Amino acid sequence: MSTKPKSPRANKFVVPVASQQMLRDLCGPAHVHLQMLEQAFADDGVRIDSQGQSGEIVVTGEGDGARRAAEALKAFARRIANGAEATAAELEAAIRLTAVSDSAGAAADAVMGLRKPVMAQTPGQRSYLEKLQRDDFGLIFGVGPAGTGKTYLAVAVGAAELKAGKRERLVVARPAVEAGEKLGFLPGALEEKVDPYMLPIWDALNECLGAQEVDRRKERKEIEVAPLAFMRGRTLKNAFVIIDEAQNATVPQMKMVLTRLGRGSRMVVTGDPSQTDLPNGVKSGLGHAMSILRDVKGVAIEELTRADVVRHELVGRIIEAYDNDASGTASKGASRK
C-alpha cells in the first residue's frame, strides 16, 4: 500500500447572483475579474466558473483559498450593490479587506448619502472610517503618507454629516506655510489668495457633493476653507472641522486650533509627520499633540501606512524607497559617530 498522503479534497462554494447584470459586473469583460481572483488565490489552485443560466458562480480550490475567494466575490457584489463601480480596483479592495476579515459588508466600510458612496479600500482605511463615523470620538488624528486617503475620507464623512443635517457647517483649515501665513502680499481678495493652497480640498468636496451644491453651501457659509491662522479667536459650534497638513502647524498653532472646538462639533486632524515644511528647528505640533493626547478620552488616532496607499501602484513603491533611503542615511550617520 502506498504511504503517499492523499491530496486535500477540493472545497466548493456557490455564490448566488441576484441578476444577469450583477453577474456581468462580477465576471468583468471577458471574465477578467474572475481571472484576477484565480491569480490572487493561485497558491490554493482556485478555479472560478460562471454558471450563466443558473445565475451563480462556483468557486473551487484546495485549503482555505476557495472560501476566501468566495468571500471576496461576495464583498465585491456588496460594494457594487452599494453603488461602487464594477472595476478591478474595487475587486482588489474587496480582496484586501476580506484577507483581514470576512465582514467586508460592514457599515463602516462606506460613507453613504453623497454623489456616490465613498468606500474603504484597505483594512487601515476601514479602521479609520470606523473611527470617523463614531460620535463618541470628538477628535480624530489620521496620519500617514501621501495617497492613503486620510484627507479625502475625512472630507467625505464631513460632507455626509453636513448633508444629513448632523452638523451645520464644514470647516477645513490648513497651514499656508508656502506663503509663511503672510498672505497680504498676494494679489486679490482673501479667497483668491488662499485658493491655490486649498485646491485639494475643493477637489474632494466637488467630488463628494458636486460643484453646484458646494457653491450653494459656500455662499450660505455652510462650507468654509481657510488658512489655519484664521481660526484664532473663534469658537466652532455644531461644525465638522478638518485640520489638514497638520504637520506644518507649530505647537502653539496646534494648541490654538484644538481649543476652537465648541458644542456639537467634531474635529479631524490629518497630516504626514515625515513631510513637515516647517523651518529647521521648529517643532511640529502634530507629533506633539498626538503624544500628549493619545490616552485622552474621546480622542482616537489612526496611523495609516504605505500598505494603505491607493493611488498609482508606483506611489507605494516610491514611499518605500524613500523610507529605505532615510533608514540607510540614519544608519550611516550613527556608524560615523
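D135, E161, K166, R167 and R266 are linked in a network of salt bridges. A salt bridge here is a side-chain nitrogen of Lys or Arg within 4 Å of a carboxyl oxygen of Asp or Glu. Side chains of opposite charge can pair when their charged atoms come close.

The model is predicted: local features need pLDDT of at least 70, side-chain atom pairs count only at pLDDT 80 or more, and totals for chains, interfaces and linings use all residues. Residues are numbered from 1 along each chain as its sequence is written, and side-chain values use heavy atoms, without hydrogens and water.

**Salt bridges**

The whole structure holds 23 salt bridges.

| Pair | N to O distance |
|---|---|
| E161 and R167 | 2.6 Å |
| D44 and R68 | 3.5 Å |
| R47 and E38 | 3.7 Å |

D44 lies in the loop between α2 (32–40) and β2 (47–51), and R68 sits in helix α3 (residues 65–81), so this pair ties together parts 24 residues apart in sequence. How covered are these residues? Buried means under 20% relative accessible area, exposed means over 50%, and partly exposed is in between (1.4 Å probe, protein chains only). E161 is buried, at 5%. R167 is buried too, at 11%. D44 counts as buried at 19%. R68 is partly exposed, with 27%. R47 is also partly exposed, at 48%.

**Two packed helices**

E161 also belongs to a helix contact. Helix α5 (residues 123–132) and helix α6 (residues 150–163) pack at an angle of about 35 degrees, their axes 10 Å apart. Axes are lines fitted to C-alpha atoms over the stretch in contact, and angles run from 0 to 180 degrees between N-to-C directions. The crossing is right-handed, meaning that the near helix is turned clockwise from the far one by less than a right angle.

Which residues of α5 and α6 meet? From α5 come Q125, Y128, L129 and L132; from α6 come K150, L153, A154, V157 and E161. Contact means heavy atoms within 4.5 Å. These residues divide into six nonpolar, one polar and two charged.

**The whole chain**

The protein chain has eleven helices and eleven strands. Helices are DSSP runs (H or I, at least four residues), as are strands (E, at least two), numbered from the N terminus. Of the 337 residues, 46% are buried. Among contacts with a separation of 6 or more, 71% join residues 24 or more positions apart.

Terms used:
Ala, Val, Leu, Ile, Met, Phe, Trp, Tyr, Cys and Pro count as nonpolar, Asp, Glu, Lys and Arg as charged, and the others, Gly among them, as polar.
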